[in-house]
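Please look over the chain shown below before reading the briefing that follows. The points are grouped by topic, so that each can be checked against the model.

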Amino acid sequence: MTGLGAVGELESARVTRILRDDIVLGRRLPGTKLIERDIAAELHVSRLPVREAIRALVAEGVVVARPRSWAVVREFTVRDLYDLSEVRESVETLIFVFAAERHDDSGIERLRAALEREESAAHAGDTEAARIAAGRFHEIVSELAGNEMLDELIRVFITRLQWLFGQHDDLVAMAAEHRIIFDALIARDVDALRVLVPRHLAAGRATAERVLLARAASSD
């Protein structure tokens, strides 16, 4: 039976969270081997929760299991980015529109707090904190949309979205885009959001594509 962490968190859930953060924040790069015994020693756990964590991350689309070999961090392709972007644009634009129509004061304050954390971290050069806050910004918008079906859909690829945020290198620019989107959202300007959100997502995809192509060129 998988053990519990210090605050009641399942050991497998804790290991999954740590590995997920390592991947989406770029601490474990694409193609990196995930060796059970090494990770178990690093995190001071048995190999069972590591095995369960790897299985969970395979399901989330950021790890690839290779039979009779090590699992590895997924190496995304440009086609992967376009496939993800096509689905993401439709789903996430609708989420932002619903959030604009349905938000309340409490939700807006949570969203504002995430945005201000992102802006502060971006201007301070704190890359990880800025990327985490950017991801939280999108998560809160999904909560404000108040649609369980859309929430289920976004959770199918949320880890891949978080990885995409992790490729963004101009964090000040990303925070500035979020500020413009935030202003339109609190104004309930759905027409503006139908333009701003796809433009924002396209910019993120272009950045990730540039990073992937540069990484491929450096490995040749």
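Which residues in helix 1 are buried? In this predicted model, the buried residues of helix 1 are Glu11, Ser12, Val15, Thr16, Ile18, Leu19, Arg20, Asp22, Ile23 and Val24.

**Helix 1**

- Helix 1 covers residues 11-24, and its 14 residues reach 20 Å from the first C-alpha to the last, which is close to the 20 Å expected at 1.5 Å a residue.
- Just after helix 1 comes Gly26, whose phi is positive, at about 85 degrees.

**Aromatic pairs**

- The count of aromatic pairs comes to two.
- In the pair formed by Phe76 and Trp163, the ring centres are 4.3 Å apart and the planes stand at 25 degrees, so the pair is stacked, since planes under 30 degrees apart count as such.
- This pair links distant parts of the chain, with Phe76 in the loop between strand 3 (71-73) and helix 4 (78-102), and Trp163 in helix 8 (residues 158-165), 87 residues apart.
- Phe76 and Trp163 are both buried.
- In the pair formed by Phe96 and Phe137, the ring centres are 6.4 Å apart and the planes stand at 35 degrees, so the pair is tilted.
- Because Phe96 lies in helix 4 and Phe137 in helix 6 (residues 127-145), the pair ties together parts that are 41 residues apart in sequence.
- Phe96 counts as buried because its relative accessibility is 1%, and Phe137 counts as buried because its relative accessibility is 0%; the cut-off for buried is under 20%.

**Charge over a ring**

- Arg102 lies over the face of Phe98, at 4.2 Å from the ring centre.

- Three strands make up an open sheet in the order 1-3-2, and their pairing is antiparallel.
- Strand 1 (33-34) and strand 2 (63-64) are the edge strands, each of them pairing on one side only.
- Strand 2 and strand 3 run antiparallel and are joined by two bridges, and Val64 stands opposite Val72 in strand 3.

- Asp105 lies in helix 5 (residues 105-124), and it counts as exposed because its relative accessibility is 67%, where the cut-off for exposed is over 50%.
- Although Asp105 and Ile186 are 81 residues apart along the chain, their C-alpha atoms are separated by 9.3 Å.

**The largest pocket**

- The largest pocket holds about 270 Å³ of space.
- Its lining is made up of 13 residues, of which Asp21, Val24, Ile132, Glu139 and Gln162 lie nearest the centre of the pocket.
- Helix 1, helix 6 and helix 8 are the elements that give two or more residues to this lining, and helix 6 gives the most, with five residues.

How values were computed:
Residues are numbered from 1 along each chain as its sequence is written. This is a predicted model: local features need pLDDT of at least 70, side-chain atom pairs count only at pLDDT 80 or more; totals for chains, interfaces and linings use all residues. Side-chain values use heavy atoms; hydrogens and water are left out. Helices (H or I, at least four residues) and strands (E, at least two) are DSSP runs, numbered from the N terminus. The expected span of a helix is 1.5 Å times one less than its number of residues. Buried means under 20% relative accessible area, exposed over 50%, partly exposed in between (1.4 Å probe, protein chains only). Rings of Phe, Tyr and Trp (its six-membered ring) pair if their centres lie within 6.5 Å; planes under 30 degrees apart count as stacked, over 60 as edge-to-face and the rest as tilted. A charge sits over a ring if NZ of Lys or CZ of Arg is within 6 Å of the ring centre and within 35 degrees of the ring normal. Two strands pair if DSSP finds at least two bridges between them. On a 1 Å grid over the protein atoms alone, a cavity is a set of points where a 1.4 Å probe fits but cannot get out, and a pocket is an open set with protein on both sides within 12 Å along at least five of seven lines; lining residues have an atom within 4 Å of a point. Grid points are joined across faces, edges and corners, and a volume is the space filled by probe spheres set on the points.
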